[in-house]
Amino acid sequence: MRWLAAAVFPLGNRRLCLVFRQQLTTVITNRKIKRRKSGVFTDEEQQSRWWEEEKREDGVKWSTLEHKGPVFAPPYERVPRNVRFFYDGKPLDLTEETEEAATFYAKMLNHDYCTKDVFNNNFFKDFRKTMTSKEKEIIKDFRKCNFQEMFEFFQAESEKRKAATKEEKLVKKNENEALIKEYGFCMIDGHKEKIGNFRLEPPGLFRGRGEHPKMGMIKRRIQASDVSINCGKDSKVPPPPSGSRWKEVRHDNTVTWLASWIENVQGQVKYIMLNPSSKLKGEKDHIKYETARRLDKVIDKIRATYRDEWKSKEMRVRQRAVALYFIDKLALRAGNEKDEDQADTVGCCSLRVEHVQLHKELNGKENVVVFDFPGKDSIRYYNEVEVEKRVFKNLELFMEHKKEGDDLFDRLNTQVLNEHLKELMEGLTAKVFRTYNASKTLQSQLDLLTDPSATVPEKLLAYNRANRAVAILCNHQRSVPKGHQKSMENLKEKIKAKRDAIDDCEAEYHDLKKAAKRGSMKEKINSDKKGKQLERLKEQLKKLELQETDRDENKTIALGTSKLNYLDPRISVAWCKKNGVPIEKIFNKTQRTKFLWAVHMADENYRF
């Protein structure tokens, strides 16, 4: 504002400058008030600048909280009479509840899940629970069930939605925006905050992560009587749907959820929470990364301690020390004990003998440990790691007289490990090591790969390569996207067309340069123009080639997970500011809103 006043009044009339600034402040304030009255807010206005406020140490998350409650899934609408379910080749009329369950399966008929026995068996078991006794007498064999007509109906409905006119799509969009405006925001401590997931999940079939043993079970419809509401004591309690009551109404300001319920498949508590861009989420993220930064100050001491403990006389101490070495060196998840009805995924503390192979020599390396186990979401973790000799000897000792299904660290679990870590540093858990090593890797890789004199596209490739190193460390894999090959073919065609254009342009430029040497001023101008065009084409080609390299290197790596959950965003913000890279090239709009605190906090000199 000062520079604007100075620009308008360059002669330095202080009185006129002051009047101008006051008028400008009034205009800006009035505009903000108008936006608030109309319900239109910028991203920054929706967020409190919590990083500039005093921190509370009493465990209280908020003082006032008011919201409208969740949006329930719409009631089931029966399919038309001409859309039938067949059993043993004959059409069969189903009651409403049974028909709804049948539509859950019909909608997934072209999905890979429907080829899995576990999925089909679980569905049919729950499908029969929805049937009347008469229907149960008839429908006894899943293989005789035919959902094809239902599937085709839902496919046709999907195509209709895609082919809707602009006017029809606009009506839907306006309805959705009205719903978001009413239910998608809450007032917390005087600030309007966005809610993350205000719509309750509709009923359907449970999929689970990886090869989950409960896949195919029916997730039942959530009712108001299942839902607990949390709001401020003095706020208006959100009304439940007509004719129903909430399970309970709470006023607990030590938690951050707005509503909760227990889902029926796994018995887990589910929550409606604030959007990742909210004050409470931002504060939690900030604390997480600050804890990881504190670890950097004591990491050498911790590493020296667990190395000493490799020689301990107590087996439990040795196992704890070796496990901590792997969590630190390989960024392994700690792993938790699994129930029988959960997918068999493994972390460091839950490794079994079958997941580890020891080789005194392998591929020219000594003391190699080969890890091969199903990690989070049943994604395979495979790694051949050369370890220190003492670690190798300890692993041999841990595996003595054990069978394949036995625990490698039979005297250790996650709880015991985390209790030990809290003694080493306040707030330290196994998870902090993963955040620490991910952020530390990004910082060091950016330092190594970034050329200050490079172009913005070249710097972006360097950033993605640094991020990729983190994703590999954290085992953030993905299958090659379905459209990858097609997009690569399109990109190669663009590159070929650009090279052809450069060849043509170079030939024309060569001729024009010759003509310019002996010609008029006009011919010289034409030659210069063609030269600049050639430079632009070469820059465009370089950009396309960098894009091709980047896409190909990223085809099996998921970069988003680490960027959102493990990397201190201030590292990326500082790198952008230091290297003249627009922040929107690294963080999309949603991510910039989530990490607004980091954008304000970090300058170009920030170091993790």
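Biologist: In this predicted model, how many bridges join strand β11 to strand β12, and which way do the two strands run?

Modeller: Strand β11 (residues 259-262) and strand β12 (residues 269-272) run antiparallel and are joined by four bridges. Within this pairing, Ala 259 stands opposite Ile 272 of β12. Six residues lie between the strands of this hairpin, and Gly 267 there takes a positive phi near 70°.

Biologist: In what order do the strands of the open sheet lie?

Modeller: As a general idea, side chains in a regular strand alternate between the two faces of the sheet. Here, three strands with antiparallel pairing lie in the order β13-β14-β15. At the edges are β13 (356-362) and β15 (380-386), each of which pairs on one side only. From one strand to the next, the twist averages 15°. Seven bridges join β14 (residues 365-374) to β15, and Val 368 has Glu 386 in β15 as its bridge partner.

Biologist: Which strands does helix α10 touch?

Modeller: Helix α10 (residues 315-330) packs on the sheet and touches β14 and β15, its direction making about 100° with that of β15. Helix α11 (residues 389-399) lies across β13 and β14 and runs at about 135° to β13.

Biologist: Why is Glu 309 called buried?

Modeller: A residue counts as buried when its relative accessible area is under 20%. Glu 309 is therefore buried, since its value is 17%. This residue belongs to helix α9 (residues 279-309).

Biologist: Which side chain makes a polar contact with the side chain of Glu 309?

Modeller: The side chain of Arg 320 does so, at 3.2 Å. Beyond its neighbours within four places in sequence, Glu 309 is in contact with residues including Val 317 and His 420.

Methods
Residues numbered from 1 in each chain as written. Predicted model: local features only at pLDDT ≥ 70, side-chain atom pairs only at ≥ 80, totals over all residues. Heavy atoms only, no water. Pairing = 2+ DSSP bridges. Buried < 20%, exposed > 50% of the residue type's maximum accessible area, 1.4 Å probe, protein only. Contact = heavy atoms within 4.5 Å. Polar contact = N/O pair within 3.5 Å; in protein donor to acceptor, adjacent residues only side chain to side chain. Axes fitted to C-alpha atoms, helices over the stretch in contact; angles between N-to-C directions.
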